[in-house]
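Hi,

Here is the structure I promised to pass on.

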Amino acid sequence: MALRTRFIDNEVMQATTEGTSQFVLVGAGYDGRALRFRQPGARWFEVDHPATQPDKQRRMSAVAPDAGGITFVPVDLLRDDVGTALANAGHDASQPSLFICEGLFTYLPNAVVSSLCARLRAVAAPRSVLVASVLVVPESGGGIAQRFVNSLLAALGERRLGIFHPGTTESLLQSAGWTVSRRAASADYNASSRRLLLITAEAE
Ligand SMILES: C[S@@+](CC[C@H](N)C(=O)[O-])C[C@H]1O[C@@H](n2cnc3c(N)ncnc32)[C@H](O)[C@@H]1O
């Protein structure tokens, strides 16, 4: 979590320094980044499933009744078109955006992640950036510990649908029209275990 937070926070600060004023949390969940970084002139869009987003909104209005600058965009990424939903919510595709996909890809089938990245690219003005955290498993499948974690999450209703091997995320982003620019991985990586990949790609 520390690595994820630090890496993505740095992307937010860099984008802000470069003049980006639109930030899109895709699969926002309970991320508090919009509250932590919102400032006058910046627009934050929180995209999440219509079944779960109202709970976040309720909790957020309790702690931050004035959530100005934050727009909630209910989207089922398995069915709905995120580009259209963002446009309807006021996202300006002619201005650069930072798209943040933290802890999301594993919960979507790879084909949906591909079309999501392509759709975000289609509404990404030049100088836009996409940053993602991805759980990468080795070709061998990650061993018994990984299978145990997956079954546990499935029992809790969080089924992992996406499978990302080394190199999968890079080629997926490139095919969707993004140019990979920065990467970091958890230090515990070795060939037989899963690792956390943090990856940044740019719309040129
Ligand atoms: C593990 S959480 C990550 C939340 C947040 N980005 C973070 O890092 O703390 C995954 C998020 O993806 C969202 N998600 C999963 N499947 C989705 C779908 N089909 N449509 C929209 N959101 C989805 C979930 O609702 C959840 O908020």
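**Salt bridges and what they tie together**

R36 counts as partly exposed, because its relative accessibility is 46%. Before I go on, please keep in mind that this is a predicted model.

What does R36 pair with? Its side chain meets that of D9 in a salt bridge, 3.0 Å from N to O. D9 sits in helix α1 and R36 in helix α2 (residues 33-37), so the pair ties together parts that are 27 residues apart in sequence. D9 counts as buried, because its relative accessibility is 10%.

R4 also lies in helix α1, and its partner E102 is in the loop between β4 and α5, 98 residues apart. In that salt bridge the closest N and O atoms are 2.9 Å apart. R4 is partly exposed, because its relative accessible area is 22%, while E102 is buried, because its value is 13%.

One more pair to look at is K56 with E46, whose side chains meet in a salt bridge at 2.6 Å, N to O. It links K56 in helix α3 (residues 53-63) to E46 in strand β2, 10 residues apart. Both K56 and E46 are buried. The count of salt bridges comes to 13. As background, side chains of opposite charge can pair when their charged atoms come close.

**Helix α1**

Back to the helix that holds R4 and D9. Helix α1 covers residues 2-17, which makes 16 residues. From its first C-alpha to its last it reaches 22 Å, close to the 22 Å expected at 1.5 Å a residue. Its buried residues are F7, I8, D9, E11, V12 and A15. After α1 comes G19, with a positive phi near 100°.

**The nonpolar cores**

Which residues touch the most other members of the largest nonpolar core? They are F105, L120 and W178, out of 36 residues in that core. The elements giving two or more residues to this core are β1 (22-26), β2 (43-48), α4 (82-88), β4 (97-101), α5 (110-122), β5 (129-136), α7 (168-175) and β7 (195-202). Of these, α5 gives the most, with five residues.

If you click on F105 and skip its neighbours within four places in sequence, you will find it in contact with V113, L116, C117, A132, V134, G162, F164 and T169.

There is also a second, separate core of 20 residues, and F7, A15, A34 and L198 are among its members.

**Helix α7 and strand β7**

In α7, the buried residues include T168, T169, E170, L172 and L173. The cover over the buried residues of α7 includes α5, β5, β6 and β7. G177 follows α7, and its phi is positive, near 100°.

T200 lies in strand β7. Is T200 buried or exposed? It counts as buried, because its relative accessibility is 0%. Not counting residues up to four places away in sequence, T200 touches F7, E11, V129, L130, V131, T179, V180, S181 and R182. Two of those, F7 and E11, are on the list of buried residues in α1.

**Loops and surface**

S186 is in the loop between β6 (179-185) and β7. S186 is buried, because its relative accessible area is 14%. Leaving out neighbours within four places in sequence, its contacts are L3, R195 and L196. Its C-alpha is 28 Å from that of R38, a residue 148 places away along the chain.

R127 is in the loop between α5 and β5. Its phi is positive, near 80°, although R127 is not a glycine. For context, most residues other than glycine have a negative phi. R127 counts as exposed, because its relative accessibility is 54%.

Finally, on the surface, F148, L152 and L156 form a nonpolar patch with about 360 Å² of accessible area together. L152 lies in helix α6 (residues 143-155), and L152 counts as partly exposed because its relative accessibility is 46%.

Happy to go through any of this with you.

Cheers

How values were computed:
Residues are numbered from 1 along each chain as its sequence is written. This is a predicted model: local features need pLDDT of at least 70, side-chain atom pairs count only at pLDDT 80 or more; totals for chains, interfaces and linings use all residues. Side-chain values use heavy atoms; hydrogens and water are left out. Patches are made of residues with over 30% relative accessible area and no salt bridge: like charges are joined within 9 Å, nonpolar side chains (Val, Leu, Ile, Met, Phe, Trp, Tyr) within 5 Å. Accessible areas come from the Shrake-Rupley method with a 1.4 Å probe; for residues, only the protein chains shown count as cover. A salt bridge is a side-chain nitrogen of Lys or Arg within 4 Å of a carboxyl oxygen of Asp or Glu. Helices (H or I, at least four residues) and strands (E, at least two) are DSSP runs, numbered from the N terminus. Buried means under 20% relative accessible area, exposed over 50%, partly exposed in between (1.4 Å probe, protein chains only). The expected span of a helix is 1.5 Å times one less than its number of residues. A nonpolar core is a set of buried Ala, Val, Leu, Ile, Met, Phe, Trp, Tyr and Cys residues joined through side-chain atoms within 4.5 Å. Contact means heavy atoms within 4.5 Å.
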